[in-house]
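Please walk me through this fold, one element at a time. I have the sequence and the model open.

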Amino acid sequence: RKLFASEVNFVKGVVNMQGLPPADRPEIAFAGRSNVGKSSLINALFNRKQLARASGQPGRTQEINFFTILEALYVVDLPGYGFAKAPKAVVDKWTNFTQTYLRGRTNLQRVFLLIDSRRGVGDVDRGIMKVLDRAALNYQIVLTKADKLKKSELDKVIDDAVVAIKKNPAAHPRIMLTSAEKNIGLPELKAEIVALL
Ligand code: GTP
Ligand code: MG
């Protein structure tokens, strides 16, 4: 069923380990390059227009943002990586905190690793996958902005993603294909999330 607005709430934006909410319920996180569509996907999945701020401005989400669904699940919008225009020191700090969070978060059930369908899995994404594999964190590739490509192009992107995760022990074998704008693959992604609860 559709969630009511009152059942989806912003909890807080966090900038350091001390700020994390207690790990008292299952948690899922959305990771990916700046501008890949993390905030848009969270908004589309949970029927809130501006729950997570989406913008055309890369690097906008600079904190780890926590939302709660029916008080039963934390949904986490991670800062985008690979945003070249931010000062290097700032980028390193996000990366550091994000990695520390990822490694230490005991209630984190799965990381959804978003990949722009038009770009495919890039070197930076592979680096992040390595981090997740080393931390033995269950993660799943979610291709975004599927509305931008033709069917034949999508088939190729999916094939490439299958190859990219082949030797990655912590990667979930099922590649998800989504569009927040055209409502593609959202019920399937929701089903993946519900199955974790
Ligand atoms: P950061 O917070 O900067 O890391 O970005 P983000 O990953 O949260 O991306 P965001 O959701 O802000 O979206 C970035 C841009 O992509 C915006 O201009 C969105 O409108 C656009 N976008 C997001 N999802 C889709 C989609 O499914 N289809 C299309 N065509 N555009 C999308
Ligand atoms: Mg964002």
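Leaving aside its neighbours within four places in sequence, which residues is L143 in contact with? They are I115, S117, V157, I158, A161, I175, M176, L177 and T178. Keep in mind that this is a predicted model.

In general, strands of a sheet pair through backbone hydrogen bonds, either parallel or antiparallel.

Strand 6 (residues 139-144) runs parallel to strand 7, and two bridges join them. Here V142 stands opposite M176.

Next comes the core. The largest nonpolar core holds 40 residues. F30, V76, L113, L114, I141 and L143 touch the most other members. Strand 5 gives the largest share of this core, six residues.

Finally, turn to helix 1 (residues 38-45). Is it covered or exposed? It is mostly covered, with eight of its eight residues buried. Among them are K38, S39 and N43. The buried residues pack against strand 2 (27-32), strand 4 (73-77), strand 5, strand 6 and helix 5 (186-195). After helix 1 comes N47, with a positive phi near 55°.

Conventions. Residues are numbered from 1 along each chain as its sequence is written. Chains are lettered from A and ligands numbered from 1 in the order in which they are written. This is a predicted model: local features need pLDDT of at least 70, side-chain atom pairs count only at pLDDT 80 or more; totals for chains, interfaces and linings use all residues. Two strands pair if DSSP finds at least two bridges between them. Helices (H or I, at least four residues) and strands (E, at least two) are DSSP runs, numbered from the N terminus. A nonpolar core is a set of buried Ala, Val, Leu, Ile, Met, Phe, Trp, Tyr and Cys residues joined through C-beta atoms within 7 Å. A residue is buried if 20 or more other C-beta atoms lie within 10 Å of its own, exposed if 12 or fewer, and partly exposed in between; C-beta atoms are placed from the backbone. Two residues are in contact if their C-beta atoms, placed from the backbone, lie within 7 Å.
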